[in-house]
Amino acid sequence: MHRRLFLAALSGAAAAPNLLWAATKEPVSLGKVFPYYDLYLKLPPTERNRFAMAYYVMRDGKPAAGLKAWIIEGATRTPIVYGADGHAPMLPTLAQLQSAMIQFDVPQDVKLKPTPELRATLASSTQLDAAAIGAAIVQADTAAHKMAGGMAFIVPKIAAAQFPGAGSGQAVAPGRAMPLAAGKYGPVYNPAKEPGARTIALAKAPNHIMLTPAT
């Protein structure tokens with residue numbers, strides 16, 4: 001999946017976290033659960049204003065629905081509850097990534113896996129500007145390769161957008177409409193395959209806009 005590809009591709013960009021670890025009752029570094037987010041936050045704002053990172057935790061190959069944890073900063077413990085899809089409801093600050101810990105409320109040695117995702121920052125709608133999506137794709141691809149540093153050559157090219165929950169869609173250009181291919185997470189818009197598109201028209205507003213390698 002694109003998330004795993006991205007995570008594996010960036011594994012050489014910094015001290016690589018364990019992609020799969022056995023959770024214990026002891027706190028672990030936030031960086032283990034939010035890998036590479038520090039690299040994202042260190043990018044100049046103008047190089048990351050069109051896309052954001054989201055994080056999930058998987059358990060036994062499935063979303064860790066309702067997973068409970070605490071971010072620990074000294075004597076302060078901030079509770080967080082993961083969503084039904086294993087999505088982290090909040091993201092740490094750079095300062096937290098550098099010093100804070102996280103503790104999960106799980107049985108000893110449960111296997112957990114952090115999974116990042118790239119998302120366009122565009123608001124969800126049934127009518128989306130194709131040029132804005134294209135700009136988000138280009139920015140995310142450029143940033144991912146910059147984050148990877150000397151290992152950029154193994155980072156898959158971010159070249160498309162998928163629309164989870166949208167059902168179906170079309171890339172609309174002057175005088176014609178091009179049906180979007182069905183992807184694993186929803187309709188897929190690839191600017192290289194739908195040239196001249198001005199609008200992405202979707203059957204339903206997507207849950208969010210995922211930025212992925214070409215499918």
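Student: Which ring does Lys184 lie over?
Tutor: Lys184 lies over the face of Tyr185, at 6.0 Å from the ring centre. Keep in mind that this is a predicted model.

Student: OK, and what about Arg77, where does its charged end sit?
Tutor: The charged end of Arg77 sits over the ring of Trp70, 5.0 Å from the centre of that ring.

Student: Let's stay with rings. How many aromatic pairs does the structure hold?
Tutor: Five aromatic pairs. One of them is Tyr40 with Phe51, which is edge-to-face, with 5.3 Å centre to centre and 75° between the planes.

Student: Which parts does the pair of Tyr40 and Phe51 tie together?
Tutor: Tyr40 lies in helix α3, residues 37-42, and Phe51 is in strand β3, residues 51-59. The pair therefore links parts that are 11 residues apart in sequence.

Student: Is Tyr40 buried or exposed? And Phe51, buried or exposed?
Tutor: Tyr40 is buried, at a relative accessible area of 6%. Phe51 counts as buried too, with 1% relative accessibility.

Student: How are the rings of Tyr82 and Phe104 arranged?
Tutor: That pair is tilted, because the planes are at 35°, and the ring centres are 6.2 Å apart. Tyr82 comes from the loop between β6 (76-81) and α4 (94-99), while Phe104 belongs to strand β7, residues 101-104. So this pair ties together parts that are 22 residues apart in sequence.

Student: And how covered are those two, Tyr82 and Phe104?
Tutor: Tyr82 is buried at 2% relative accessibility, and Phe104 is buried with a relative accessible area of 4%.

Student: Which residues form one aromatic cluster?
Tutor: Phe34, Tyr37, Tyr40, Phe51 and Tyr55. The edge-to-face pair of Tyr40 and Phe51 has both its residues in that cluster.

Student: Switching to Lys146. Where is its place?
Tutor: Lys146 is in helix α5, which covers residues 130-148. Lys146 counts as partly exposed, at 48% relative accessibility.

Student: What does Lys146 touch, not counting residues up to four places away in sequence?
Tutor: Leu43, Pro44 and Glu47. Lys146 also has Leu39 at 9.2 Å, C-alpha to C-alpha, although the two are 107 residues apart in sequence.

Student: How far does α5 reach from its first C-alpha to its last?
Tutor: The 19 residues of α5 reach 27 Å, close to the 27 Å expected at 1.5 Å a residue.

Student: And what follows α5?
Tutor: Gly149 does, and its phi is positive, near 60°.

Student: Now strands. How many residues of β10 are buried?
Tutor: Five of its five residues, so strand β10 (residues 158-162) is mostly covered.

Student: How many bridges join β10 to β16?
Tutor: Four, and β10 and β16 (residues 210-213) run antiparallel. Ala160 stands opposite Thr212 of β16.

Student: What about β14, how many bridges join it to β10?
Tutor: Two bridges, again antiparallel, with β14 covering residues 187-189. There, Tyr189 is the bridge partner of Ala161.

Student: Zooming out, what does the secondary structure of the protein chain come to?
Tutor: Five helices and 16 strands. Buried residues make up 47% of the 215 residues in the chain.

Student: And what share of the contacts with a separation of 6 or more is between residues 24 or more positions apart?
Tutor: That share is 73%.

Student: Last one: what does the accessible surface of the protein chain come to?
Tutor: About 9,900 Å², and 56% of that belongs to carbon and sulfur atoms.

Note on methods
Residues are numbered from 1 along each chain as its sequence is written. This is a predicted model: local features need pLDDT of at least 70, side-chain atom pairs count only at pLDDT 80 or more; totals for chains, interfaces and linings use all residues. Side-chain values use heavy atoms; hydrogens and water are left out. Buried means under 20% relative accessible area, exposed over 50%, partly exposed in between (1.4 Å probe, protein chains only). Contact means heavy atoms within 4.5 Å. Accessible areas come from the Shrake-Rupley method with a 1.4 Å probe; for residues, only the protein chains shown count as cover. Rings of Phe, Tyr and Trp (its six-membered ring) pair if their centres lie within 6.5 Å; planes under 30 degrees apart count as stacked, over 60 as edge-to-face and the rest as tilted. A charge sits over a ring if NZ of Lys or CZ of Arg is within 6 Å of the ring centre and within 35 degrees of the ring normal. The expected span of a helix is 1.5 Å times one less than its number of residues. Two strands pair if DSSP finds at least two bridges between them.
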